[in-house]
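Please walk through the structure shown below. The text takes up its covalent cross-linking and then its pocket.

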Amino acid sequence: MSKSLRAFVIAACVIAALPGAAFATNVDLKVVSVSGTPNPITLNTGDVTYTVQVFNQSSTTGTNPVLTATLPVNSTYVSSSATGGGTCSESGGTVTCSWSSIGPSTNYFPTIVVTPTSGGSLTLSASVTGTEPDPNTADNNASGSVTVNSQIDLRIVSVTGSPNPITLNTGNITYTTQLFNNSTSQGTGTVLTMTIPAASTFVSAS
């Protein structure tokens, strides 16, 4: 074989190998959901925990997936973590969680905890990216909201007993208590405590 022919064959082999190496495998990542608990919550009664579901809906392992979450403006950051060996950090109101890889049909669940600072809607937005091309970026973003109620002004308007008066050993007395929410927000976990008169026995309550 002449030198010119050998050079031609080598060049053809190199060109034939290039198309397969030039195109990376697609990996379709998705933010399935962003949910926060408790919902609703009353201001100054605790923290909100957001759980983000990240899913690889491909049949191929994705490399270096990264979740970026924007914290609600009316909140302060508390903590963050992730399943699947992921690591999370916060800077300037943004939480970043990263992994070395995500297997096919695999879910990861980052958790982000914040403290509400004012009433209203508490919305966390999240997006996911990876090293490989994503054929459908429309489902790479999602958000979830929690309703934060302002502080509640509860009031006992009245406590009345009937019949009044009553003769001993002629029947029972029914007390009715009127409880009022003197606020513009919904109250949660409301508890009414009543002390029964000493000269009586309990019958029922509803």
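How many disulfides does a search of the whole structure find? The model is a predicted one, and the search turns up 1 disulfide. A disulfide is a covalent bond between the sulfur atoms of two cysteines. Here the partners are Cys-88 and Cys-97, whose sulfur atoms lie 2.1 Å apart. This pair counts as a disulfide because its separation of 2.1 Å falls within the 2.5 Å cut-off. The angle about the S-S bond is 110°, and the link between Cys-88 and Cys-97 is right-handed.

Are the two cysteines buried or exposed? Cys-97 has a relative accessible area of 0% and is therefore buried, since buried means under 20%. Cys-88 has a relative accessible area of 22%, so this residue is partly exposed; the partly exposed class lies between the buried limit of under 20% and the exposed limit of over 50%.

The second topic is the largest pocket. Its space amounts to about 1000 Å³. The lining consists of 27 residues, and those nearest the centre of the pocket are Ile-173, Thr-174, Tyr-175, Pro-197 and Ser-204.

Which strand gives the most to this lining? That is β15, with 4 residues. β15 spans 174-181, and β14 spans 154-162; each of these strands supplies at least two residues of the lining.

By residue class, the lining of the largest pocket holds 14 nonpolar and 13 polar residues, with no charged ones.

Methods: Residues numbered from 1 in each chain as written. Predicted model: local features only at pLDDT ≥ 70, side-chain atom pairs only at ≥ 80, totals over all residues. Heavy atoms only, no water. Buried < 20%, exposed > 50% of the residue type's maximum accessible area, 1.4 Å probe, protein only. 1 Å grid on protein atoms, 1.4 Å probe; cavity = no way out; pocket = protein on both sides within 12 Å on 5 of 7 lines; lining within 4 Å. Points joined across faces, edges and corners; volume = space filled by probe spheres on them. Nonpolar A, V, L, I, M, F, W, Y, C, P; charged D, E, K, R; others polar.
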